[in-house]
Each structure stands twice: as C-alpha cells, then as structure tokens.
Amino acid sequence: MLGTLLKKRLSDNQLANVFLNGIFEIVDNGFVEVVDLINEDLAFVSSPSIPVDRNGEFTMIVVVANISTLETTFETVQANRIERIIFEQLGSLMGVSAIDAEAKVREYQKFMQRVNHPSKNMIYAMSKAVFQKYNLNDYQDEYFRRLQSPNPLFLKRMDQVMINFLWDWDSFFKKYKIDE
C-alpha cells in the first residue's frame, strides 16, 4: 500500500522522455558489446567487422521494438498520445518532422514484421532485423548463405542478447505511476 503512495507520478511527456533516454542510453552502453559478439560469433566463416560507430540501424531496431510494446502496455488512446510525443522527440533528434520520424518507425516496423513472418515474437524480429540490416548473410558458411537464412545458432545467441534491449515495463511500473 505504501509503495503505491511513494511512486513518482509521470505525465505522458515525462514518460516519453524517460523512455527514449533510457533506450538511447542502453544502446549507447550496449552496442559495443553487441558488435563484439557479432564480430566474434562462430557462426560466421569470417568476421563481419562491424564498426562500433555504426549503431544507427541497431538504434532504430531497438527504438521500433520498444515503441511496438506501447500498444500492449497502455490503453490505445494513451499509447497513441505517448507515441505522438515520441515521434516529436525522435524527429527533433533526427532533424526531421514528427511525421517523417513516424514514417521511418513505421517503415522499420513493416520491415521487422516481414523478416520475422509468421512469428509475432519481438525478440526474434529484432535478431532477424540485425541480421538483415548488417548484411550478415555475406559472412555465413555456404549452406546458410545459399538459403539466405540466418544460422539458427546465431539467432538463438542474438535472441538472448536482444532481450536486454526491451523496456522492462514491470520494473518501471514498480517505480512510477502514469497520469491518465
């Protein structure tokens, strides 16, 4: 009972700000490790040699995956309000309008749905999107390269990594209460 009284209250604007800053922070802190894991993965016959400063695709994948969780976390009206604020903030960061930022997010959502079809699992979508966006098929052994399909062992390892980049709503709601 006392826990609910001590929770910090956040507006939709504050939530969007905490959400985006948290995502960018985890990407900034974690991408180097992800690159090391990919570059050293035994599933590849040669190292993809992804530079640590090439995090744009990865950032978009993580942002899109987390935005996609808003619809299952909040009521539709509130999720839409929060998304609008996020698109405005993303647009500002990207130097484009909120409409263009939303279009980019929707483009990535469609891409992730396509590469992950028929599964609806967001972790799998993230792993497969990383595989595609970083052209990792070029570094696989001939069998998987001809199939144009990720080595399942690589995907399994990536799934375990990608879990760490999804927003932990349970922990968040233990600490914060959202104004409605």
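Author: A polar contact is a pair of N or O atoms within 3.5 Å; within protein, one must be able to donate a hydrogen and the other to accept it, and residues adjacent in sequence count only if both atoms are side-chain atoms. This is a predicted model, in which local features need pLDDT of at least 70 and side-chain atom pairs count only at pLDDT 80 or more, while totals for chains, interfaces and linings use all residues. Residues are numbered from 1 along each chain as its sequence is written, and side-chain values use heavy atoms, with hydrogens and water left out.

Reader: Which backbone nitrogen does the side chain of Q140 reach?

Author: The side chain of Q140 reaches the backbone nitrogen of N151 at 2.7 Å. The backbone oxygen of S149 is reached by the Q140 side chain as well, at 3.1 Å.

Reader: And where is Q140 found? Is Q140 buried or exposed?

Author: Q140 is in the loop between helix 6 (122-133) and helix 7 (142-147); helices are DSSP runs of H or I with at least four residues, numbered from the N terminus. Q140 counts as buried because its relative accessibility is 1%; buried means under 20% relative accessible area, exposed over 50%, and partly exposed in between, with a 1.4 Å probe and protein chains only.

Reader: Which residues is Q140 in contact with, leaving aside its neighbours within four places in sequence?

Author: Contact means heavy atoms within 4.5 Å. With those neighbours left aside, Q140 is in contact with A43, F44, V45, F131, R145, S149, P150 and N151.

Reader: Changing topic, how many salt bridges does a search of the whole structure find?

Author: The search finds eight, a salt bridge being a side-chain nitrogen of Lys or Arg within 4 Å of a carboxyl oxygen of Asp or Glu. One of them joins D12 and R81, whose closest N and O atoms are 2.6 Å apart. That pair links distant parts of the chain, with D12 in helix 2 (residues 12-40) and R81 in helix 4, 69 residues apart. D12 is buried at 10% relative accessible area, whereas R81 is partly exposed at 36%.

Reader: Which residues does E102 form salt bridges with?

Author: E102 pairs with R84, the closest N and O atoms being 2.7 Å apart. E102 lies in helix 5 (residues 98-116) and R84 in helix 4, so this bridge ties together parts 18 residues apart in sequence. E102 also forms a salt bridge with R106, with the closest N and O atoms 3.4 Å apart. E102 and R106 both lie in helix 5, four residues apart, about one turn of the helix. E83, R84, E102 and R106 are linked in a network of salt bridges.

Reader: What about the aromatics: how many pairs does the count come to?

Author: The count comes to 17 aromatic pairs. Rings of Phe, Tyr and Trp (its six-membered ring) pair if their centres lie within 6.5 Å; planes under 30 degrees apart count as stacked, over 60 as edge-to-face and the rest as tilted. The rings of Y143 and F144 have centres 5.0 Å apart and planes at 80°, so that pair is edge-to-face. W169 and F173 are stacked, at 5.7 Å centre to centre and 25° between the planes.

Reader: Which residues form one aromatic cluster?

Author: The cluster is formed by F19, F74, W167, W169, F172, F173 and Y176. Of these, W169 is buried at 9% relative accessible area, and F173 is partly exposed at 28%.

Conventions:
Helices (H or I, at least four residues) and strands (E, at least two) are DSSP runs, numbered from the N terminus.
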